[in-house]
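Subject: Structure for you to look at

Hello,

Here is the structure I said I would pass on. Please open it beside this email and follow the notes below.

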Amino acid sequence: MTDSEARSILLVEDEEAHAELVRKIFSKNNSQWKIYLVSSLADAFKWLDENEPPSLIISDYLLPDGRGLDLAKDVKSPVEMGIPLIILTAHGSEQLAVRSLKSGAMDYVVKSAEELQKLPWTAERVLREWDNVTERKRAEEELKKYTKELERANRDLEDYTSVVSHDLKAPLRSIRVFSMLIMDDYAHSLDETGRGYLNRVKAAVERMNALIEDLLKLSRVGRKFADLEMVDLNELLEEIKEDLKVRIEERAGEIVAANLPSVSTQRVWIRELLTNLIDNGLKFNKSENPKVEVSCEENGKDYLFKVEDNGVGIEEKYLSRILNLSERLHPEEYEGTGIGLTICKKIVDKFEGNIWITSSPGVGSTFFFTLSRN
Ligand code: ADP
C-alpha cells in the first residue's frame, strides 16, 4: 500500500474521551487515515465480518466484554491474524508488552498523553514492519513451495529412470540371447563381415547393459538411504582391493591406504563411492605402475578424504564438467558409461558433503570429498 492511499483503522475503544483523542491526533497528523470506531469486542468482530479488513486495528487492552488481545485469539503470530494490531493500555508493564506481542499484536502503546501523540508514527512504523513481515512470510512460503515442487520433480525423475531402466532390461536380454543363438548355431552360414556385425551387436548390448545398470544405480542413490551404520573404512578398503583384484593385477597397480577412520555412513554407498574413484584412478592411467592413494584428515567438523592417482590427469576446463551425467573425456580409449562420477556426486550430496577435483594433466588427479564427522 502506498502512502497516498487512504488507510483505515478499526479503533476498538470503549472510553469515548480516549477514542475522540485518538481520532483528533490522527486527523491532525495525517488526513489519509480513516478511522472506524467500535466500543466492544463483539462489535469489532461484527465489523470485521461485515467490512473489508482495515489496514490496522488499534484496540484498548481492557474492553467491556474481554481483552483487545482476544482479537488475535488462537493466533500465534501477527501474520496469521492477517491484520496488524496495536494494543493500548492504561499502564505499561513489561509483562503486558510480552503478552501482547506473543499473542499476535505488533506493538503496544501506553495511554499517556505523550505516547498517544506519537501514535500516528507508531502506526506508520507498524505498517512498515508489517509489510516486511508479510513479504518475508510470502517469500518463505514461495521458497517452500518451490522446494516441494523440486523434490517432487526429482522423485518423479528417479522413479521414471528406475522404471524405464528396468523395462529396458527385458528386451535387451532378448537381443543378447538371440544374438548368442545366432553366433552359436548360424555363425558358419555368415561370412566374416556378417560375424563382425554380430560381434558389434554383442558389444553394443554389453554397453547398453552397463548404461542401464548405472542408471538404475543412480536412481537408487536417491531412494535407498535408510539407517546409518559404523563402517571401518580400513576394512572396507581391503574388500574394495579384493573386488578390483583383476584390474590391479592386469595393470600391476597398487592401492595404498592408511589409518582411515570408522565413519557413520551407509556401507553400500560409501563402497560404491570409493570403488568408483579408485577404479577410475587405475583405469585412466598410463603409468607402468598405476597407483591410487586413499587418505583422510580431520577438517573441523568434517572428514576430508583424498583419492590421489598418478594417472592421465584431467584438463582444467573439464574439471567442473566430469561430475555431470555422461561426460566422458576419452570415449574411444577407455570403456565406461560416464555415469560413475555422477553417482559419486549424488552419494556425497546425500551425505551432505562436497566433492571436488584437482588435477595436472600427465601427472595425476586428486578427488576430494568431505563427510560429516557426526
Ligand atoms: P566412466 O568411468 O564410466 O567413463 P565416470 O563418470 O567415472 O565415467 O568418469 C567420467 C569421465 O571423467 C571419464 O570418462 C574420464 O574421462 C574422466 N575421469 C574420471 N576419473 C578420472 C581420473 N581419475 N583420471 C582421469 N580422468 C578421469
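**A loop residue to start with**

Ala252 sits in the loop between helix H9 (245–251) and strand E9 (254–257). Helices (H or I, at least four residues) and strands (E, at least two) are DSSP runs, numbered from the N terminus. Ala252 is not a glycine, yet it has a positive phi of about 50 degrees. Its relative accessibility is 42%, so Ala252 counts as partly exposed. For these labels, buried means under 20% relative accessible area, exposed means over 50%, and partly exposed is in between (1.4 Å probe, protein chains only).

This is a predicted model, in which local features need pLDDT of at least 70 and side-chain atom pairs count only at pLDDT 80 or more, while totals for chains, interfaces and linings use all residues. Residues are numbered from 1 along each chain as its sequence is written, and side-chain values use heavy atoms, with hydrogens and water left out.

**Two other loop residues**

Glu352 is in the loop between H12 and strand E13 (355–360). Glu352 also is not a glycine and has a positive phi, of about 60 degrees. With a relative accessible area of 74%, Glu352 is exposed.

Glu52 belongs to the loop between helix H2 (41–50) and E3. Is Glu52 buried or exposed? At 68% relative accessibility, it counts as exposed.

Strands of a sheet pair through backbone hydrogen bonds, either parallel or antiparallel. In this model, an open sheet of five strands has the order E2-E1-E3-E6-E7, and the pairing is parallel. Two strands pair if DSSP finds at least two bridges between them. Which strands are at the edges? They are strand E2 (33–38) and E7, each of which pairs on one side only. On average, neighbouring strands of this sheet are turned by 20 degrees against each other, direction ignored. Axes here are lines fitted to C-alpha atoms, for helices over the stretch in contact, and angles run from 0 to 180 degrees between N-to-C directions.

Go through the pairs one at a time. E1 and E3 pair in the parallel sense over four bridges, and Val12 stands opposite Ser59 in E3. Strand E3 (residues 56–60) is joined to E6 by four bridges, and these two strands run parallel. Ile57 stands opposite Leu85 in E6, Ile58 has Ile86 as its bridge partner there, and Ser59 has Ile87. Four bridges also join E6 to strand E7 (residues 107–110), again in parallel. Across that pair, the bridge partner of Leu88 is Val109 in E7.

**How covered the strands are**

Five of the five residues of E3 are buried, and the strand is mostly covered. Leu56, Ile58 and Asp60 are on one side of E3, with Ile57 and Ser59 on the other, and both faces are covered.

What about strand E6 (residues 85–89): how many of its residues are buried? Five of the five are, so E6 is largely enclosed by the rest of the structure. Leu85, Ile87 and Thr89 point one way from E6, while Ile86 and Leu88 point the other way.

Helix H6 (residues 119–186) lies across strand E1 (7–12), E2, E3, E6 and E7, and runs at about 175 degrees to E7.

**A helix pair**

Helix H10 (residues 267–283) packs with helix H12 (residues 340–350) at an angle of about 140 degrees, and their axes are 9 Å apart. That makes H10 oblique to H12. Angles under 35 degrees count as roughly parallel, over 145 as roughly antiparallel, 65 to 115 as roughly perpendicular and the rest as oblique.

The contact (heavy atoms within 4.5 Å) is made by Trp269, Glu272, Leu273, Asn276, Leu277 and Asn280 of H10 and by Gly340, Leu341, Ile343, Cys344, Ile347 and Val348 of H12. By class, it has eight nonpolar, three polar and one charged residues. Ala, Val, Leu, Ile, Met, Phe, Trp, Tyr, Cys and Pro count as nonpolar, Asp, Glu, Lys and Arg as charged, and the others, Gly among them, as polar.

Regards
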